Amino acid sequence: MAPSQSQPIDVQRFLTREGKDLSYGQLRKLLVDFTSIPGVIGLHGGLPPGDAFPLASLSYTTVEGDKVSLDDAQLYAAQQYVLPSAGLPALREWSRQHVIDLHAPARPDVETVIVAGATQGLSAFFSLFLERGDVLFVEEVSYSQVTEALAIPKGVRVLPVPMDADGALPEALDAAIAELAEREPGTRVKALYTIPTCQNPTGLTTPAARRQALYQVCRRRDILILEDDPYIYLQLPARDGAPVPGLRGLPRNTSYLHLDTDGRVFRIDSCAKFLAPGVRAGWVTVAPALVEPLSMALQAQTLGPCALSQVLTHSLLARWGEEGLHVHLERIQRIYLARLQTLLAAAERHLAGLATWRRPSGGMFLWITVPGLEDTRQLMSDLVEARVVAPPGGIFHPTPGTKNSHIRLAFSFEPADKIEQAIERLGRALRAWKERTSAQ
Ligand SMILES: Cc1ncc(COP(=O)(O)O)c(C=O)c1O
């Protein structure tokens with residue numbers, strides 16, 4: 001059941017100076033205002049004429065053998081400057097309906113805005129809400145791109161929240177905010193960044209009760225939640241032999257958006273992991289008050305995401321409908337499950353006694369622990385020697401140079417025989433390290 005609704009918070013007061021100063025610009029405003037007037041002749045915008053475009057038709061065949069052709073209107077929109085910065089209206093509507101079906105947001109008035117992948121959503125969040133000196137809390141190990149590509153260059157302070165197998169610890173977040181307020185009064189703590197499903201790098205999913213507890217801390221401490229959920233469609237069965245969920249069997253109503261009575265959640269979904277990373281498409285779900293500022297941030301970056309990609313993405317999702325998407329998700333989940341099973345079996349064979357792990361809830365990664373090894377960076381020369389590469393866990397910690405005993409193993413890409421070989425090599429590297437250190 002969705003939590004009861006209250007008044008939305010005033011999200012505008014979280015905006016940075018940059019977020020407040022964004023605008024569409026006068027020319028764009030003219031273009032938007034005038035093109036909707038019937039009979040108007042436009043001499044105001046620098047649009048190429050339709051007959052100057054290179055593509056006269058565009059069609060593709062899906063892996064199921066379904067042939068799809070774009071119609072003239074789609075082909076024109078795909079090549080012209082006509083899409084609003086918030087995205088192709090039909091794709092916005094598809095994604096809004098999808099979000100409502102899958103998440104039953106506590107505030108049903110949420111809107112979606114199309115982005116060029118989760119990365120553009122993250123980057124827009126930084127433009128809108130984070131400036132030099134602001135604090136962003138993240139899970140103790142997290143997607144390193146957020147720290148390295150976005151936070152560090154902007155001077156945003158990224159602070160880790162200790163985790164257990166269920167995700168960030170609510171009491172630790174609460175205590176860290178309180179301590180910061182005491183030690184450094186006036187510090188702006190803006191948001192918690194979380195990857196709630198099949199987390200990168202741990203592969204673990206934060207259960208509903210933990211999400212609820214974290215939401216309540218964010219509420220009490222009045223901070224935003226940046227919910228980045230690209231692996232939601234790659235959830236896999238917890239035990240062998242159980243069926244993959246497809247779309248229909250995915251856990252529903254578990255997201256922070258579902259809990260968000262206040263309008264403090266900025267939820268990012270991406271097509272990268274369930275369609276293809278190259279389409280650079282996704283959607284952000286926000287309170288209505290944020291649609292304009294977010295659209296202006298996208299307009300400032302790229303005049304909105306690629307139109308060709310949005311048209312293709314929508315044509316595919318519309319062609320599939322819910323049934324087609326379910327079948328597609330079942331197909332890709334089976335591919336990921338087979339690779340995960342190969343990795344787990346290889347780990348049993350080659351890493352038993354050297355490392356420990358928990359079966360991930362899905363996604364792309366197995367997070368292993370090497371007992372007795374304080375910093376897995378020390379393994380690098382052994383890995384080079386064994387001809388296998390896997391990132392040491394320390395690089396996922398937001399504080400540069402932090403040590404930990406983990407390694408992230410991706411099972412998504414290499415075929416079964418390569419996974420088997422890689423894990424055998426990793427076992428060899430771990431044994432070499434053990435022999436070296438026990439001889440010292
Ligand atoms: C947690 C997380 N967020 C975002 C991304 C990037 O997503 P996109 O390709 O949609 O920009 C990744 C990719 O690895 C990721 O793991």
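Trainee: At what angle do helix 5 (residues 117-129) and helix 10 (residues 291-302) pack?

Mentor: The angle is about 110 degrees, and the axes are 10 Å apart. Axes here are lines fitted to C-alpha atoms, for helices over the stretch in contact, and angles run from 0 to 180 degrees between N-to-C directions. This is a predicted model, in which local features need pLDDT of at least 70 and side-chain atom pairs count only at pLDDT 80 or more, while totals for chains, interfaces and linings use all residues. Residues are numbered from 1 along each chain as its sequence is written.

Trainee: How do you know which residues make the contact of helix 5 with helix 10?

Mentor: Two residues are in contact if their C-beta atoms, placed from the backbone, lie within 7 Å. By that test Gln120, Ser123, Ala124, Ser127 and Leu128 of helix 5 meet Pro293, Leu294, Ala297, Leu298 and Gln301 of helix 10. The set divides into six nonpolar, four polar and no charged residues (Ala, Val, Leu, Ile, Met, Phe, Trp, Tyr, Cys and Pro count as nonpolar, Asp, Glu, Lys and Arg as charged, and the others, Gly among them, as polar).

Trainee: How is helix 5 oriented to helix 6 (residues 144-154), and why?

Mentor: Helix 5 and helix 6 pack at about 20 degrees, with axes 11 Å apart. That value makes helix 5 roughly parallel to helix 6. The crossing of helix 5 and helix 6 is right-handed. Leu122, Ser123 and Phe126 of helix 5 and Val146, Leu150 and Lys154 of helix 6 make the contact, which holds four nonpolar, one polar and one charged residue.

Trainee: Why is helix 7 (residues 170-183) called roughly parallel to helix 8 (residues 208-220)?

Mentor: Their angle is about 15 degrees, and their axes are 9 Å apart. Helix 7 is therefore roughly parallel to helix 8. Pro170, Leu173 and Asp174 of helix 7 meet Ala213, Leu214 and Val217 of helix 8. That contact has five nonpolar residues, no polar and one charged. Helix 7 also lies across strand 4 (135-139), strand 5 and strand 8, at about 140 degrees to strand 5.

Trainee: What makes strand 3 and strand 5 edge strands?

Mentor: They belong to an open sheet of seven strands, in the order 3-11-10-9-8-4-5 with mixed pairing. Strand 3 (111-115) and strand 5 (157-161) each pair on one side only. The twist averages 25 degrees from one strand to the next.

Trainee: How do you know that strand 8 and strand 9 are paired?

Mentor: Strands pair if DSSP finds at least two bridges between them. Strand 8 and strand 9 (residues 224-228) have four, in the parallel sense; Leu192 stands opposite Ile225 in strand 9.

Trainee: Why are strand 12 and strand 14 placed at the edges of their sheet?

Mentor: The sheet is open, with three strands in the order 12-13-14 and antiparallel pairing. Strand 12 (356-357) and strand 14 (406-410) each have a single partner strand, so one side of each lacks a neighbour in the sheet. Strand 13 (residues 365-369) is joined to strand 14 by five bridges, and Trp367 has Arg408 in strand 14 as its bridge partner.

Trainee: Where is the loop that holds Cys198?

Mentor: Cys198 lies between strand 8 and helix 8. Its phi is near 45 degrees, a positive value in a residue other than glycine. Pro201 is also in the loop between strand 8 (189-194) and helix 8, and a cis peptide bond with omega of about 15 degrees joins Asn200 to Pro201.

Technical notes
Helices (H or I, at least four residues) and strands (E, at least two) are DSSP runs, numbered from the N terminus. Angles under 35 degrees count as roughly parallel, over 145 as roughly antiparallel, 65 to 115 as roughly perpendicular and the rest as oblique. A crossing is left-handed if the near helix is turned anticlockwise from the far one by less than a right angle, and right-handed if clockwise.
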